[in-house]
Amino acid sequence: MSTVIEPPVEQAPKNLEELEAVTIRFAGDSGDGMQLTGTQFTNTSAVLGNDISTLPDFPAEIRAPAGSLPGVSGFQLNFSSQDIRTPGDQPNVLVAMNPAALKVNLSDLEDGGTLIINSDEFTKENLKKAAYETNPLEDGSLKGYRVHKLPITTLNMRALKDQVQMSRKEMDRSKNFFALGVLYWLYDRPMDATLHWIRTKFAKKPEIAKANEIVLKTGYNFADTTEVFTTHYTVKKAAIAPGKYRKITGNEATAIGFIAASELSGRPLFYGSYPITPASDILHELSRHKNFGVKTFQAEDEIAAVCAAIGASFAGHIGLTGTSGPGVALKQEAIGLAVMAELPLVIINVQRGGPSTGLPTKTEQADLFQAVWGRNGECPAIVIAPSTPGDCFHMAVEAVRLAFKYMTPVFYLSDGYLANGAEPWRVPQIEDLPEIKVEFVSDPENFMPYGRDEETLARPYALPGTPGLEHRIGGIEKQHLTGNVNYDPENHHFMVKLRQEKIDRAANDIPPVEIFGEQTGKVLVLGWGSTYGSITSAVEKLQREGKSVSSAHLRHLNPFPKNLGEVLSGFETVIVPEMNLGQLSTMIRARYLVDAVAFSKVKGRPFQIREIVQKVEEYL
Amino acid sequence: MTTNGNGTNGNEHEKGEELLAEGQAMLDAGVEGITGNVSGSGPSPESEPGSVVAGEVAPPPAKLTKADFVSGQEVRWCPGCGDYAILNNVQKVMPELGIPREKIVFVSGIGCSSRFPYYMNTYGFHSIHGRAPAVATGIKASNPDLSVWVITGDGDALSIGGNHFIHAIRRNLDLNYILFNNRIYGLTKGQYSPTSEFGKNTKSTPMGVIDYPLNPLSVAIASEATFVARSIDIDVKHLGTMVEAAARHKGVSFVEVYQNCNIFNDHAFDHFAERTVRSERVLYLEHGKPMVFGKERDKGIRMNGAHPEVVKLGENGITEDDLLVHDIYLADPSVAFMLARMEYREGTDFPQPVGIFRAVERATYEDLMAGQIAASIAKQGAGSLEKLINSGDTWVVE
């Protein structure tokens, strides 16, 4: 098994075949650097002009026991010369760095798919950790696949021996770059971008930079010169809309979207947050941009994070707090306070598997009810959801716009899949971004803290520091107009309706939901949030087959777009795929009396295109 | 498949107008408590507020008086409540600080004391239980120019809000933090609080409290408070001095006020605070002065090894020179902590200390935050959105 394949003396020219799209999954131990390897391949492919979509999939434990099944970390990437929207249903290629990685991921690999295996790690001990009774490399169980057994650990060591001053353990850490080098050759990718990254990243650790560089190139040359591979492949540039692009993850787009909202509104951003997976990257990203006047506050807990954001809003900043579902559960009382005090506030929920601690690193969409109805009392708030990583940017701007205009909390529902998934993002022109108007009152004449804008019903925004407008707000019921404490039954009934009406009126201010496909037909697939990619791809496939299927995707969930009822009425069946047990479909049924079909998948993984295709076919 | 078209979303505007008309009718009918100010002279509610940039401010009135800080709201504490004295004192101190009214914000949580902001004619935010320090943190960090006050009680600060108490203090925001300690839950009608004495019989502890109380000053000092003081509601003059000193301290200023709840925990502090015994049993800490107390000013605090002891002046040749001299500026908080633990109890000699325990300087959170922003701008230049969205590896599709 540890035999090194020596380069042949004479080298036959190798075939180069063109493919439309490839899905690769890198899988290894959580310490093997699979996320890094996948990200490097993604960046290179993006800059090369492919359309890309990624799905990182890692355990909640930072370092589960080495070689164990729970410790397997994966990164799936789909790159294509066509417009794609998902990381691919099934990998065509699986890179397995150890037996556990093979065991966990093999069932997802397409029949006849390519397996690239680090054979050195298939030791007795590791096989046992992965609960293999016999060695799959030897027992014939992989015969349905194209298997490439490479002694990567040995080859890596050999490449570094006498080249760098490092311990064996340190040298061993470079082996993911060997695998990356092999894949770069196999899919005809240039190494430049990764070499540049290595030199920048390890500028202060030249030995590590050197080791990674040597190993990357050795892996590439090894694949090129040995006879392990006879063919390699190329994937041409994608035909996507012209413009300037960058690769972006949902969390990155969220962070810079809120900075953009700050620039567009002229109000500084205050971000109160407590570390939580998978939202922490937003805190990291925002804390790097203090030169935009961004104030990041890592609070002592979720409650302090939202309360400080509310205080910031009261003082005229954009009050923003970010977390995941369990954190929202803790914040809800304070969000109710912001509803009562009628202050702008944005709550980011990067949803993850629940309930309770649930599946911290996996995706889910089961916090829609929590956002819409999860507080005590009649406590309406605006709820919106981005649909792709790039859309996170635009919906962040939208959240702030609505929060200021309606003086209300706005929920922004991202999820783990959007947060960590990446896609090419067409960089917008700043002049195309919406204006965010924030008006503060200053005239004490006739000032009423709970007076109303006739159109939006928003109350005036009076900042502490403004002479003559001193007033008190709080969580006790407010008297209409004066904002004084008031327990009168009629006033309470009125104020409850007024707060609801204010949120309902935001429907006048949001775009109608668009139909992808015919305006009427047999099936409408209705979605929200991160299911956009799978739904749209599935519907597109069915439409190409001439089926009567359309789709519509909601970015505004409370209130709904005004035309939604009309859109739903144009179809015989409405199917709602959701990563929950049917939350949007319940809302649709209640609101429009439509017999919507809930299509649930709550596995911590996004929908595959084919799953949606199959479901829709049942109703055609 | 049936749908009802536009659903219930159809006629928002008409519905809204009806709603507003209803609000107006309600006002016209004279809903209880609505003041003349909104007696309903016009057909519609407030028109759109003028759009003026905040910060275009008129100069503050030349000289403010106590009356300027009294809001129009009817004060609704029980007659005889210690809160009245504290309110009165704070309103009296405010004009002395020379801060324009509009730059003052009172923030509170939940409980009797937390109604305080409604009675101050300043900006105010009556937030939720225990969270006032967090709300105040956001306000102060966003606008350091404001004078921000946190009003809280023993349940609000130390029970439900214990976490925020610790962390707001250790961050050293320039907040004035006044804790009304009545050792009971008043608003919920008489359950024990985290400062209630061990063994106390209350509504929720008919057989006596079995958890040990905590000492607010100990926690504040352990949380690295830069200013710590204590006073008594009925000791009006002393209380005013403490409130003013707290306001003038830059950094977090924590003041515990012993406050009598005459309904659910009456006479809680009488054993040392009652007028006839106070001078005998209360130690008034004064910076730079030896720790002397007693009606005849004949007793003092001396260190005996690592422990304080009460000594009698003139006995065994003891003079004031032997006594501990109070120093509020000590960097080491040990002495302040020791004093915070001292208490008057029947059968012991020790007095109950009040006054400023500690006042040290340390950079405030909001200044450090502003400093990092300034440093970041100096290093990277003011943020450019154009640059930001175009950062990272980009490529052009023709």
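1. How many salt bridges are there between chain A and chain B? In this predicted model, the count between the two chains is 2 salt bridges. A:Glu470 forms a salt bridge with B:Arg101, and the closest N and O atoms of that pair are 3.7 Å apart.

2. As for the extent of the interface, chain A contributes 114 residues to the contact and chain B contributes 95 residues. The area buried between chain A and chain B comes to about 8800 Å², with carbon and sulfur atoms giving 61% of that area. On the chain A side, the residues that lose the most area to chain B are A:Asn291, A:Glu300 and A:Arg472, which together account for 8% of what that side buries.

3. Within chain A, helix H11 (residues 302–314) and helix H12 (residues 325–341) have axes that come within 8 Å and cross at roughly 30°. Because angles under 35 degrees count as roughly parallel, H11(A) and H12(A) are therefore described as roughly parallel to each other. The crossing of H11(A) and H12(A) is right-handed.

4. The residues that make this helix contact are, from H11(A), A:Glu302, A:Ile303, A:Ala305, A:Val306, A:Cys307 and A:Ile310, and, from H12(A), A:Gly327, A:Leu330, A:Lys331, A:Ala334, A:Ile335 and A:Ala338.

Conventions:
Residues numbered from 1 in each chain as written. Chains lettered and ligands numbered in written order. Predicted model: local features only at pLDDT ≥ 70, side-chain atom pairs only at ≥ 80, totals over all residues. Heavy atoms only, no water. Axes fitted to C-alpha atoms, helices over the stretch in contact; angles between N-to-C directions. Helix = DSSP H or I, 4+ residues; strand = E, 2+ residues; numbered from the N terminus. Parallel < 35°, antiparallel > 145°, perpendicular 65-115°, else oblique. Left-handed = near helix turned anticlockwise from the far one by under 90°. Contact = heavy atoms within 4.5 Å. Buried area = accessible area lost by both parts, 1.4 Å probe. Salt bridge = Lys/Arg side-chain N within 4 Å of Asp/Glu carboxyl O.
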